[in-house]
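Thanks, everyone, for making time.

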Amino acid sequence: MRQNLLRTHIFALLLLPILLGGCSLTKLTVGRTVIVYSQAGAALQREADLTLIEASVRGNLKTFEGMLEIVPENPTLLIMTSRAFSSYAGFVEDKMEDAEIAGDTDTAADLRARAIDYYGRSRRYALKVLSQSNKTFSEAPTVGSVVFEGALRRLKKPQVEPLFWAAYAWARGISLQKDNPMQVIDLPRVEAMMRRVIELDETFYYGGAHLFFTVYYGDRAASIGGNPEKAMEHIKHVDRINQDRFLLSKFYLARYYAYPQQNAALYKEALQAVLDAPMDVYPGHEAATAIAKSRAKRWLAQADTLFDTATE
């Protein structure tokens, strides 16, 4: 019965919405079934309709988890599932922000809890892949820091993908629980993971580890490690990697550099540049562009409440 169910979902898998990036592998073996996929992920990257992308991601979550009941140790499927849950959690976060802006605290709290859960699942799946080469990662939140960092140093470039998604999901979960000191205490481990990503392959996922450090340094007070200059350095790395075509970089410039510095002019300029850019500014990556435009629109609309316009 399970095998029949799996076969009915093969075409769904071929439409796999690994948001903003495709898997480097080309086939997945589940039981005796070999599923081959190639350019479907790239096709979704070219999709600019965020409603369609969200629906595609949501529709695959349980499919992947069902497949994992058959092959729970398959690293390719684990990574795909991790990425899918992080991708969908991002859409949930966007809805949470809309609810917060509207003052709907109950809905916002519910969506926050859902996003935390999805990021938690994403982290567990990615860590499970890493633990296949080093059991230290099966105890990542609790093992001693010296042992943990030693395990990170032993990782190689082929393991960048699960390392990045584990760190990304962990970081987003912490961000959604910043008032919980038991969560924030894990941040140094995430920082160490992202630094290892940069050492192994700084270009992975549009230079996503650099975007992490943009937030890490830009969204914190100087007394706890904030550093606007370092935040800007990492934005410049992302622009270099993507030849200044990745619009989320400009959104991060506004949200995590200009806003903390209370630079209203730069904030508005950066977000307006996102909105004014053509949809094909980064050909083949229209999904990323659409996400940047959606977020820029939301945050630009709040500019007058975020800044003291009387002092501009």
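**Salt bridges and a buried histidine**

D304 counts as exposed, because its relative accessibility is 57%, where exposed means over 50% relative accessible area, buried under 20%, and partly exposed in between, with a 1.4 Å probe and protein chains only. Please keep in mind that this is a predicted model, in which local features need pLDDT of at least 70 and side-chain atom pairs count only at pLDDT 80 or more, while totals for chains, interfaces and linings use all residues. Residues are numbered from 1 along each chain as its sequence is written, and side-chain values use heavy atoms, with hydrogens and water left out.

The structure holds 20 salt bridges, each being a side-chain nitrogen of Lys or Arg within 4 Å of a carboxyl oxygen of Asp or Glu. One of them joins R172 to E93, at 2.7 Å from N to O; R172 is in helix α8 (residues 160-175) and E93 in helix α5 (residues 75-102), 79 residues apart, helices here being DSSP runs of H or I with at least four residues, numbered from the N terminus. Both R172 and E93 are buried.

D304 itself pairs with K268, their closest N and O atoms lying 4.0 Å apart, and K268 is partly exposed at 27%. There is also a network of salt bridges that links D94, E97, D98, R295 and R298.

Finally, where is H234 found? H234 sits in helix α12 (residues 228-241) and is buried, at 11% relative accessibility. Leaving aside residues up to four places away in sequence, H234 touches I198, H210, F213, T214 and Y217, contact meaning heavy atoms within 4.5 Å.

Conventions. Helix = DSSP H or I, 4+ residues; strand = E, 2+ residues; numbered from the N terminus.
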